Amino acid sequence: ALACSLTVQNGAVLTVNASNSITVTNAVTVAATGNFTIKNDGSLVQINNVANVGNIKYERTATAIRGSDYVYWSSPVTGQDMSTIYTVPVQGPKYIWDTTAVNANTGLGNWITTSGLMTRAKGYIIRGSSNSGMAATNINAIFTGVPNNGDITIKAPRGNMRPVNVGAGLAYNTTLHPMLNAWDDNWSLVGNPYPSAINALQFLNANSTNLSGNVRLWRHLNTPAAIPSP
């Protein structure tokens with residue numbers, strides 16, 4: 001579906017079904033009692049860099065998640081509290097990646113517990129359940145808020161590990177774990193901030209002066225197996 005601009009009036013209901021999309025050239029406005037819902041794998045695409053008004057509901061389903069699995073999340077709306085994107089099952093621990101936090105190898109980069117509102121374009125991980133023994137379960141999340149649109153900027157920090165005698169920084173090959181290298185404190189966990197899919201290659205090209213690397217897609221295929229005794 002295509003629209004120049006989109007307004008959902010009070011009492012009106014608009015639903016974008018799974019795997020469908022709606023493209024809006026200008027702003028999206030949802031009245032206080034209007035209902036604009038985008039189902040799992042549906043998309044809201046906007047052309048112009050304009051501010052939206054009013055809340056949408058954006059549904060996402062993480063399939064076959066076990067209690068010990070972690071799911072990567074990022075919010076497509078503004079003002080979403082991570083503790084409320086789903087309540088069944090009970091969420092497990094929540095983390096962000098801190099590029100400059102000291103880790104167990106005395107290098108830089110570590111998982112830090114977090115809570116509260118989700119920052120636009122920041123990546124988060126949540127353990128599927130507080131019950132590590134939970135069987136594979138579909139987790140149905142709902143993000144509620146003003147849909148993000150336009151240019152969104154987030155800092156991708158880096159640490160200061162360097163080889164010995166090469167500029168200022170931490171000498172990773174003497175005081176740190178011997179397997180560390182100068183790239184190990186350069187990881188950032190960012191997320192798609194829009195209520196639609198994005199093109200990974202275009203994302204990398206548009207940010208080529210700030211980011212170096214590739215996009216890796218990962219998912220569970222098999223149940224973890226115990227390591228056999230020697």
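This is a predicted model: local features need pLDDT of at least 70, side-chain atom pairs count only at pLDDT 80 or more; totals for chains, interfaces and linings use all residues.
Residues are numbered from 1 along each chain as its sequence is written, and side-chain values use heavy atoms, with hydrogens and water left out.

First, the overall picture. The chain has 16 strands and 1 helix; these are DSSP runs numbered from the N terminus, H or I of at least four residues for helices and E of at least two for strands. Of its 230 residues, 33% count as buried, meaning under 20% relative accessible area, with exposed over 50% and partly exposed in between (1.4 Å probe, protein chains only). A contact here is heavy atoms within 4.5 Å. Among contacts in the chain with a separation of 6 or more, 61% are between residues 24 or more positions apart.

Back to β13. Strand β11, residues 94–102, pairs with β13 in the antiparallel sense over 2 bridges; pairing requires that DSSP finds at least two bridges between the strands. β9 also runs antiparallel to β13, joined by 4 bridges, and there Trp73 has Tyr124 of β13 as its bridge partner. Which way do the side chains of β13 point? Tyr124 and Ile126 go one way, Ile125 and Arg127 the other, and all are buried.

Now the core. A nonpolar core is a set of buried Ala, Val, Leu, Ile, Met, Phe, Trp, Tyr and Cys residues joined through side-chain atoms within 4.5 Å. The largest one has 28 residues, and Phe36, Trp73, Ile85 and Phe143 have the most contacts inside it. Strands that each supply at least two of its residues include β6 (35–38), β9 (70–73), β13 (124–127) and β14 (137–147). β8 gives the most, with 4 residues. Beyond its neighbours within four places in sequence, Ile85 touches, among others, Trp73, Met118, Ile126 and Phe143. In soluble globular proteins, nonpolar side chains tend to be buried together.

Is Trp218 buried or exposed? Trp218 is exposed, because its relative accessible area is 58%. Trp218 sits in the segment after α1 (200–206). With Tyr72 and Trp111, Trp218 forms a nonpolar surface patch of about 390 Å² accessible area together.

Key
Patches are made of residues with over 30% relative accessible area and no salt bridge: like charges are joined within 9 Å, nonpolar side chains (Val, Leu, Ile, Met, Phe, Trp, Tyr) within 5 Å. Accessible areas come from the Shrake-Rupley method with a 1.4 Å probe; for residues, only the protein chains shown count as cover. A salt bridge is a side-chain nitrogen of Lys or Arg within 4 Å of a carboxyl oxygen of Asp or Glu.
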